[in-house]
Amino acid sequence: MVLRACGFIIFRRLVGRIPPPGNIEYLLLQTSYGEHHWTPPKGHVDPGEDDLTTALRETKEEAGLGAEHLKVIKGFVQELHYEVRGKPKEVLYWLAELKDPGTAVTLSDEHQDYRWAQLEEACTLARYKDLQDTLRAAHRHLEACQDKQ
């Protein structure tokens, strides 16, 4: 049986002198267990729960950011497939903007630290190629949306 999880690639736009796309930072959380890896907020789907509801619930639980803080970006969802301790896992990530870039992140016990990072630093922290590819795909999506404006 495949373990399924859902979450958000959350970004904020810094206001000020930095022009796009350099004004975009991504939120990564550092786990307080295992290898203390960095990951966007995500978690397992509860029985009877749909995927987007899971992503919203887990983001609220892990980072203290609720639906009222986020603007989900249309047209972006990435599906990752990998193994955890020999068992298949799939993760769906949507893309969401933090409406107010100054909103505080409140960590759960599952995480010991968080960081807002520009794309390349976020990819370095992420370590895993599939997550790095997802962050880069999110960034390309934001650039494409910016070009249409």
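E5 and E6 pair antiparallel, over eleven bridges. This is a predicted model, so keep that in mind throughout. Within this pairing, Glu79 sits opposite Leu92 of E6. The hairpin of E5 and E6 has two residues between the strands. There, Arg85 takes a positive phi near 50 degrees.

Now the other partner. E1 runs parallel to E6, and nine bridges join them. How much of E6 is buried? Ten of its twelve residues are, so E6 is largely enclosed by the rest of the structure.

Next, the cores. The largest nonpolar core has 24 residues. Ile9, Phe11, Tyr26, Leu95 and Leu135 touch the most other members. Strands E1, E2, E5 and E6 each supply at least two residues of this core, and so do helices H2 and H3.

Take Phe11. Leaving out residues up to four places away in sequence, Phe11 touches residues including Ile73, Leu95, Trp116 and Leu142.

Last stop: Thr39, in strand E3. Buried or exposed? Thr39 is buried, because its relative accessible area is 4%, and the cut-off for buried is under 20%. What do its side-chain polar contacts reach? One joins Thr39 to Lys42 at 3.2 Å. Another joins Thr39 to Tyr93 at 3.4 Å. Beyond four places in sequence, Thr39 is also in contact with Leu28, Leu29, Thr31, His111 and Leu131.

Terms used
Residues numbered from 1 in each chain as written. Predicted model: local features only at pLDDT ≥ 70, side-chain atom pairs only at ≥ 80, totals over all residues. Heavy atoms only, no water. Core = buried A, V, L, I, M, F, W, Y, C linked by side-chain atoms within 4.5 Å. Buried < 20%, exposed > 50% of the residue type's maximum accessible area, 1.4 Å probe, protein only. Helix = DSSP H or I, 4+ residues; strand = E, 2+ residues; numbered from the N terminus. Contact = heavy atoms within 4.5 Å. Polar contact = N/O pair within 3.5 Å; in protein donor to acceptor, adjacent residues only side chain to side chain. Pairing = 2+ DSSP bridges.
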